[in-house]
Amino acid sequence: MQAALLTAFEGPDALAVREVPEPEPREGQVLIDVEWAGVTFPDLLQARGEYQTRPELPFIPGWEVSGTVRTGSGGFRAGDRVAALPVTGGFARTVAVDVPMVFPLPDNVDTRRGAALPLNYLTAHFALLRRGALRPGEVVLVHGAAGGVGSAACQVAASYGARVIAVVSTEEKAELARSLGAHEVVSADGFLDEVRALTDGGGVDIVVDPVGGDRFLDSLRTLRHGGGRLLVLGFAGGGIPTLRVNRLLLTNTSVLGVGVAEYWRQDPEAAHSQWHELLPLLKSGRLDPPVSAVFPLEQAAAALRHLGEREALGRTLLRVRA
């Protein structure tokens, strides 16, 4: 079968499409004929050798896919339409995935959109509901609101009754954030003053931060005293910030790590539980991932480079056999 194979931890240029043997599913795995693959920030980090774990080279990247079951297991049957999280192996025409990481697609969700759902929407759900304990009526500030995790966080937060303030860097990204349910949009430059004005100085209840870097301190300053929570999802901005914890003491605020992959490793069934909580929102159309760029599998390296330029709006996908 065709697959995009990473041969060195040298970024997208080390990715080449080759013929490789098809995977053979183990017991407890589902064999999926891939139609679409999501291109994610963890894929880019893995290609650079910058992710927390390094698969043994050479390997096939690809965290998330959608397609049709060829060989079923665990209640999935041949012909079922599914989304899945293989973590590696998705940039290929066929992939074997552990049953807990395979998710049924509702009839109204096509496989194109299905490939853009699992990683970011389950991450946003884990961040906001499991770690952030989001309650209806709370105010949520979302950094990187036009990116993959940020766009999902906007939709999930709004769907659960939050007031969403999106942080973006361009007017084009602002338009996308509004279409995703953001109630207000602020500029990345000077967001602190804008957020204070929008909240009459009271601050926000939750900050969703996949960016880190020099935004971190001002994100802390936006939190409502006496219960504000800052959710750390990653460091797309490049720098890992440090924190003087006396600030948390003085304001009664919290900084919470959001490591969804580790959560799933400790509880393999958790992702399925999350998916079933999100299913009513998927069926209603409230969760609808924005897809802005599509590349054929043969151009997987170009797709990763596109993501690395940090100008992508919404999601980038690989068309594998659709």
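This report describes aromatic pairs, charges over rings and salt bridges in one structure.

## Basis of the description

The model is predicted, so local features need pLDDT of at least 70 and side-chain atom pairs count only at pLDDT 80 or more, while totals for chains, interfaces and linings use all residues. Residues are numbered from 1 along each chain as its sequence is written, and side-chain values use heavy atoms, with hydrogens and water left out.

## Aromatic pairs

The structure holds 4 aromatic pairs, where rings of Phe, Tyr and Trp (its six-membered ring) pair if their centres lie within 6.5 Å, and planes under 30 degrees apart count as stacked, over 60 as edge-to-face and the rest as tilted. One of them is the tilted pair of Phe9 and Phe59, with 6.3 Å centre to centre and 40 degrees between the planes. Phe9 lies in the loop between strand 1 (2-6) and strand 2 (15-19), and Phe59, 50 residues apart from it, in the loop between helix 1 (41-48) and strand 4 (64-71); helices (H or I, at least four residues) and strands (E, at least two) are DSSP runs, numbered from the N terminus.

Phe59 is buried at 7% relative accessibility, whereas Phe9 is partly exposed at 21%; buried means under 20% relative accessible area, exposed over 50% and partly exposed in between (1.4 Å probe, protein chains only). The rings of Phe103 and Trp275 have centres 4.9 Å apart and planes at 25 degrees, so this pair is stacked. It links strand 7 (residues 102-104), which holds Phe103, with helix 10 (residues 270-284), which holds Trp275, and both Phe103 and Trp275 are buried.

## A charge over a ring

Arg54 lies over the face of Phe9, at 4.7 Å from the ring centre, a charge being over a ring if NZ of Lys or CZ of Arg is within 6 Å of the ring centre and within 35 degrees of the ring normal.

## Salt bridges

A search of the whole structure finds 17 salt bridges, each a side-chain nitrogen of Lys or Arg within 4 Å of a carboxyl oxygen of Asp or Glu. Among them, Arg315 and Glu64 meet at 2.7 Å, N to O, and this pair links strand 15 (residues 315-319) with strand 4, 251 residues apart. Arg315 is buried at 3% relative accessibility, and Glu64 is buried at 0%.

Arg113 forms a salt bridge with Asp288, the closest N and O atoms being 3.3 Å apart. Arg113 belongs to helix 2 (residues 111-114), and Asp288 to the loop between helix 10 and strand 14 (291-296).
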